[in-house]
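Please look over the sequence and the model below before reading on. The paragraphs that follow go from one part of the fold to another.

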Amino acid sequence: MSTNQQHLAYQREKIEASLAAARAITKNIENGEYPLEDAPCFCGATAVEVLSHHERYGIPAEIVLCKECALIRINPRMTKEAYIRFYNEHYRKLNSPKLITANIGTPLEEEAGVYNRQVQKGNGILKKMMEQAIPAPKRVLDIGCHVGGMLKPFEDKFGAEIWGVEPDLTSAEAAVDNGVAVASSVDDLVQMGVKFDFIIMQDVIEHYTDLNELRKVRELMDENSFLYIYTPGLFRQNIHNNLQIAHTFYFCANNLHWALTELGFNVTFI
């Protein structure tokens, strides 16, 4: 089999695996296994413009634009409990399936590769932090840490304690194996009363079912703490490629700044 044939076989299997997960998710939504609920806009307004009836994999999802604040959200959307099940049962299968065909000569999606890519992202965040002259953190938290790779540069550079929040049980186990202290939710850390100097939310805020939940993140911070947020920008890519059942909100710079200010954060774009 030629290299080109191997690549095509790999891509074909990946697409088929994602579509199989999409069909399973659709079935769970339709039969009530993943129940839906009304999702009011963060600003409280009700007038909307419907942008799409499906997300990028064809899963039914009513994606609407708030005519008052310009936030885009899924409404109705799965309940918080349904999303927890979704992340444990289907999220990775949908977006980054581990392929089973070993005879095509293409590297599979293994944890080591995922971890190394996360380390690279962590190095990028570390570089931005140092460019902003942010003091060396003693304790760093990654919300949605997956297998924990983004925290490694902070441990290596500063000897920082590294913590993560990860609801997916398999990913959480991998993060623990990688030396991360993992909690299943921000609520658990709030109850512990622990504080962090630097908190990472890379590709996370768009997954929240209620933006008011970020007030709990503030409880993990003191007056000298920093919160780093990255989210896909509406005007930096084709929006239809960005629409997915896991993204409950979609942001541009202006409405992200407004929402975070409403939640009590001082916002700087870097």
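**A pocket and the elements around it**

The lining of the largest pocket receives at least two residues from each of the helices α2 (80-89), α3 (91-95), α4 (111-131), α6 (169-177), α7 (186-192) and α8 (214-218). Helices here are DSSP runs of H or I with at least four residues, strands are runs of E with at least two, and both are numbered from the N terminus. The model is a predicted one, in which local features need pLDDT of at least 70 and side-chain atom pairs count only at pLDDT 80 or more, while totals for chains, interfaces and linings use all residues. Residues are numbered from 1 along each chain as its sequence is written, and side-chain values use heavy atoms, with hydrogens and water left out.

Which helix gives the most to the lining of the largest pocket? That helix is α2, with 6 residues. The volume of the largest pocket is about 1,600 Å³, and of the 48 residues that line the pocket, Tyr87, Tyr91, Arg92, Glu166 and His207 are the closest to its centre. Rolling a probe the size of a water molecule over the atoms shows where empty space is left. In the rule used here, on a 1 Å grid over the protein atoms alone, a pocket is an open set of points with protein on both sides within 12 Å along at least five of seven lines, whereas a cavity is a set of points where a 1.4 Å probe fits but cannot get out; lining residues have an atom within 4 Å of a point. Grid points are joined across faces, edges and corners, and a volume is the space filled by probe spheres set on the points.

By this rule there is 1 cavity of 30 Å³ or more. The largest cavity has a volume of about 40 Å³, and its lining includes Glu206, Thr231, His247 and Phe251.

**The parallel sheet**

Now turn to the strands. An open sheet is formed by 5 strands in the order β8-β7-β6-β9-β10, with parallel pairing, where two strands pair if DSSP finds at least two bridges between them. The edges are held by β8 (181-183) and β10 (226-230), and each has a single partner strand, so one side of each is left without a neighbour in the sheet. From one strand to the next, the twist averages 20°, an angle between N-to-C directions that can run from 0 to 180 degrees, with axes taken as lines fitted to C-alpha atoms.

Between β8 and β7 (residues 161-165) there are 3 bridges in the parallel sense, and Trp163 stands opposite Ala181 in β8. Strand β8 also holds Ala183, which is buried, with a relative accessible area of 9%; buried means under 20% relative accessible area, exposed over 50% and partly exposed in between, with a 1.4 Å probe and protein chains only. The C-alpha atoms of Ala183 and Gly164 are 6.3 Å apart, although 19 residues separate the two along the chain. Not counting residues up to four places away in sequence, Ala183 touches Gly164, Val165, Glu166, Asp188 and Leu189, where contact means heavy atoms within 4.5 Å.

**A hairpin and a buried arginine**

Strand β2 (residues 48-54) and strand β3 (residues 60-66) pair in the antiparallel sense over 5 bridges, and one of the bridge pairs is His54 with Pro60 in β3. Their hairpin has 5 residues between the strands, and there Gly58 takes a positive phi near 90°.

**Backbone details**

Most residues other than glycine have a negative phi, and most peptide bonds are trans. A cis peptide bond, with omega about 0°, joins Asn75 and Pro76, and Pro76 is found in the loop between β4 (72-74) and β5. Ala133, in the loop between α4 and β6 (139-143), has a positive phi near 55° and is exposed, with a relative accessible area of 63%. Asp203 has a phi near 55° as well; Asp203 lies in the loop between β9 (198-202) and α8 and is partly exposed at 25%.
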